[in-house]
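Please look over the structure shown here with attention to its rings, charges and surface. The report that follows takes up each of these topics in turn.

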Amino acid sequence: MKKAELLVIGGGPGGYVAAIKAAKLGKKVTIIEKENLGGTCLNWGCIPTKSLLRNAEIISHLYDGDNFGFELDTTTIRLSYKKAQKRSREVSAQLVRGIEYLMKKNGITVINDEATFISQKSVQLKNTGEQIDADYIIIAAGARPNHLNNVETSSDYYLDSKKALQLNKAPKNVVIIGAGAIGMEFATVWRAYGADVTVVEMLPRVLPNEDEDVSEEAYKGYVKAGIKILTDTKVRNVESQGDSTKITIVSTEVEKTLECEYLLASVGIRPNSDKLGIEKAGIKLNERGYIIVDYKMRTNVSGIYAIGDITGKLALAHAASAQGIIAAKGIAGKQTEPIIYENIPKCTYGHLETASAGLTERQANERGLDIKIGKFPFIANGKAIAYGATEGFIKVIAEKKYGEILGVHMVGAHVTEMIASASGLLSLECTLDELSNIIHPHPTMSEAIMEASHVAESMGIHI
């Protein structure tokens, strides 16, 4: 039997960040990870998809030579998705090695195994059978993709996000179920490599969690890129016949059949709480199987914390990392501040990037808030025009009486690089007047944030 001061279960962006923070605060840390450090995000999510999206972006520029003063015989361009996929795996591997180095640098013991609880403060390792007792435990075991009901998920035609990243050739014809971030990012990549892409979404719009104006603009961009999108549409049946898969869909009671080579299911996640023997530790779950935590990431069991996707708070890597730091600081006896989850930036890296923080217009109205809105289009922004990236806009939502900023929503090129500043504005309870007085560098696309605040005050300068 081994003894650990702090045991972290799961080495994703929540777990490994918590481990490093705790080690820097003087704790002796052991981390258990069943696969590779970095978790889903680094190995099978955020990082490899961004690598593929970079390839897709370059390809789109190659076919836009007329606007940038060069000529290419595009019929002779040979695209290698296999090489793009190989690069995405190499990028992930490089970052995994970096995290392994950080574990050694911070004196963290890494165990490559699976852990299940055998009592409140004890776990057993699956491969060795060894028992580890711990003073503190942080559960960072993450989540896994949901699957479509009544579909054979082991079939070659059926893809989830992990299987999709293992393809070394782009699909010729693919149907994507779910128009959230994952679905639209894969749609962007595969369309750039010539795939016939159809996205099916049961809700009325793409990226349904975004502000409605942002969703509408993003939809136009995806359609312009040649992606077919069917909203208000449900999957009724899936049937595989040889090399072809038939998907029966229904929309407003009109039924039709789609044929494809692959089907990608991008329909949310489920927590891995059912794989940990949680009941033996007496840890409470909610009705959906997520671990219940307070604002300090504490479960109902003293000394046991939970962070990341398994808490069901917000399934984003940076949210998990922030939770991990809070848990580590709490264990070390340091003061922590609660997370305001609605102010955490949310990003989609598709054909047109989207990024948001704070309340949408609908959410503000549903709360009965008296609001004013400023929207500034990139077509009026000098840097965007110079870059040939004029699609999209920045939208600022503020409370009327004092002008406090409630939400910032962006759609367009590079907006995922700008949203952090907007999130900071929300955290600092910044007003429109204060934002309008922040001098932004020119020419930059970020100027549009300031310009949107002018518009909200009916004092627009460049529009």
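## Charges over rings

The charged end of Lys 383 sits over the ring of Tyr 387, at 4.8 Å from the ring centre. A charge is taken to sit over a ring if NZ of Lys or CZ of Arg is within 6 Å of the ring centre and within 35 degrees of the ring normal. Arg 89 likewise places its charged end over a ring, that of Trp 44, 3.9 Å from the centre.

The model is predicted, and local features need pLDDT of at least 70, side-chain atom pairs count only at pLDDT 80 or more, and totals for chains, interfaces and linings use all residues. Residues are numbered from 1 along each chain as its sequence is written, and side-chain values use heavy atoms, with hydrogens and water left out.

## Aromatic pairs

Rings of Phe, Tyr and Trp (its six-membered ring) pair if their centres lie within 6.5 Å, with planes under 30 degrees apart counted as stacked, over 60 as edge-to-face and the rest as tilted.

| Pair | Centre to centre | Angle between planes | Class |
|---|---|---|---|
| Tyr 81 and Tyr 193 | 5.0 Å | 90° | edge-to-face |
| Phe 186 and Trp 190 | 5.1 Å | 35° | tilted |

Helices (H or I, at least four residues) and strands (E, at least two) are DSSP runs, numbered from the N terminus. Tyr 81 is buried, with a relative accessible area of 4%, and Tyr 193 is buried at 14%, where buried means under 20% relative accessible area, exposed over 50%, and partly exposed in between (1.4 Å probe, protein chains only).

Phe 186 and Trp 190 are four residues apart in helix α7, so about one helical turn separates them; both Phe 186 and Trp 190 are buried.

## Strand β10

Because four of the five residues of β10 are buried, this strand is largely enclosed by the rest of the structure. Strand β9 (residues 173-177) runs parallel to β10 and is joined to it by five bridges, where two strands pair if DSSP finds at least two bridges between them. Val 175 has Thr 198 in β10 as its bridge partner.

## A partly exposed loop residue

Leu 72 lies in the loop between α4 (65-68) and α5 (81-105), and is partly exposed, with a relative accessible area of 44%.
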